[in-house]
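Visitor: Please take one part and look at it closely. Then connect it to the rest, step by step.

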Amino acid sequence: MSHEPRVLLGPGPSNVHPRVFQAMISPILGYLDPVFLDAMDETMSRLRYLFQTQNELTVTLPGTGMAAMEAAICNVVEPGDEVIVGIHGFFGQRMAEIVERHGGTAIKVEVGFGQVIGADQIGQALDDHPNAKMVAVVHGETSSGIGQPLAEIGKLVRDRGKLFLVDTVCSLGGADIPVGDLLIDICYSGGQKCIGGPAGISCITLNDRAQEVLQARSNAVDTWYLDLMLIKKYWFADRVYHHTAPGPMVFALKEALEIIQEEGLENRVARHKEAGDLLKNGLTDLGLELFGDPENRLSMLTCVMIPDGADDADVRGRLLNDFGIEIVGGFGPLKGKAWRIGLMGYSATERNVHYLLAALREILGA
Ligand SMILES: Cc1ncc(COP(=O)(O)O)c(C=O)c1O
């Protein structure tokens, strides 16, 4: 091994279960090998469990979470389409940018870092833009540690007959996100955070309403690689070649999904909550101040203000070099002012929380 393992307590990637590594070194198979096709089917079925949906089109995509974000947007947006984008941090801003790059107009409903978007704000935007095709929001804002409530927005969007797109890259696998019950039409996530798989593979689910919108497009999707209707032909009966599936990544994700089912989603969400609460209480006991709306803080990502007198780079450097622990600095308005501490997937353990708190106590002299 060329480097020592780390205790990954940043905003992703997180540590993975040894079984996931093992799966990554499974023998390589052809993309149409019957064993591989079975693995694809099993992966789809396990993904449906994770997304809590019956949606047939629930597949993996080659590429990180950004590939899924881009796919979710570019398959819907045609030139001139309006999309209402709720922005409560960095990744919402990215969604808006991607809408515009694909020729759409992003109607931004923006609140400050650390806050959540009100359903009334989305309602107002829908009133003001009756032709909007979709409403897009990020659930877990990895940049602020805040989770956006979804239920009310889902109802509003469905009542108006629009599509509802939700990014769960940060939170899926560590939070309860019943895609069907929340009336989400398109939802995606990435492998490397609470799902406990590798970076480089992502997943997406679309219901029939969303597929109807895709099928009714007047123009072809403006990227060939992420055209979901082409990708669907490979995942389902036709098995038409689209790209060479990244076998080791699919096997690793499938293993991570199997581990999730063995643990049970409810237990897994509870584990993330217990670890997250332990961390938040421990940081507060050390005299540190947590960032953002206390009502909507995420379990899996805690944003904490850097205490006066502590040097951001020095503390993070000592955590990494002396203790092998990775935490990550703040983003945008929080750059140099906050730390982001992740407890995701296999990393979300009480043991890791105690280890990090002990290390911080020593470094900060608290
Ligand atoms: C909320 C959110 N969306 C999208 C992404 C993009 O995922 P990736 O970095 O895997 O491309 C991230 C990554 O941190 C994220 O946190």
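Guide: Helices here are DSSP runs of H or I with at least four residues, strands are runs of E with at least two, and both are numbered from the N terminus. This is a predicted model: local features need pLDDT of at least 70, side-chain atom pairs count only at pLDDT 80 or more, and totals for chains, interfaces and linings use all residues. Residues are numbered from 1 along each chain as its sequence is written.

Now the whole shell. In total, 15 residues surround the ligand. The closest are Thr 64, Gly 65, Met 66, Thr 142 and Val 169. Sort the shell by class and you get 8 nonpolar, 6 polar and 1 charged residues. Nonpolar means Ala, Val, Leu, Ile, Met, Phe, Trp, Tyr, Cys and Pro; charged means Asp, Glu, Lys and Arg; the others, Gly among them, are polar.

Next, strand 2 (57-62). In this strand, 5 of the 6 residues are buried, so the rest of the structure largely encloses it. Buried means 20 or more other C-beta atoms within 10 Å of a residue's own, exposed means 12 or fewer, and partly exposed lies in between; the C-beta atoms are placed from the backbone. Strand 2 pairs with strand 10 (residues 201-206) in the antiparallel sense, over 6 bridges. Two strands pair if DSSP finds at least two bridges between them.

Step back along the chain. A loop sits between helix 2 (34-51) and strand 2, and Gln 52 is in it. Gln 52 is not a glycine, yet its phi is positive, about 55 degrees. With 18 C-beta neighbours inside 10 Å, Gln 52 counts as partly exposed. Leu 183 also has a positive phi without being a glycine, this time about 60 degrees. Leu 183 lies in the loop between strand 8 (163-167) and strand 9 (186-190). Leu 183 is partly exposed as well, with 19 other C-beta atoms within 10 Å.

Another backbone detail is a cis peptide bond between Gly 12 and Pro 13, with omega about 5 degrees. Pro 13 is in the loop between strand 1 (7-8) and helix 1 (18-24).

Sequence distance and space distance can disagree. Take Glu 258, in helix 9 (residues 247-263). Glu 258 and Arg 46 are 212 residues apart in sequence, but their C-alpha atoms are 7.0 Å apart. Glu 258 counts as partly exposed, with 17 C-beta neighbours inside 10 Å.

Now widen the view to domains. The protein splits into domain 1 (7-12 + 264-364) and domain 2 (18-261). These bounds come from an automatic or database domain assignment. The C-alpha centres of the two domains lie 27 Å apart. Their contact takes 26 residues from domain 1 and 25 residues from domain 2. A contact means C-beta atoms, placed from the backbone, within 7 Å of each other. On the domain 1 side, helix 10 (265-285) and strand 11 (301-305) each supply at least two residues. Helix 10 gives the most there, with 4 residues. By class, this side of domain 1 has 14 nonpolar, 8 polar and 4 charged residues.

Follow strand 11 into its sheet. Here 3 strands form an open, antiparallel sheet in the order 11-14-13. Strand 11 and strand 13 (328-329) are the edges, each pairing on one side only. Strand 13 joins strand 14 (residues 338-342) through 2 bridges, and the two run antiparallel. Gly 329 has Trp 339 in strand 14 as its bridge partner.

Along its principal axes, the C-alpha trace spans about 65 × 55 × 30 Å. Of the 366 residues, 49% count as buried. Among contacts with a separation of 6 or more, 72% link residues 24 or more positions apart.

Note on methods:
Contact = placed C-beta atoms within 7 Å. Near = placed C-beta within 6 Å.
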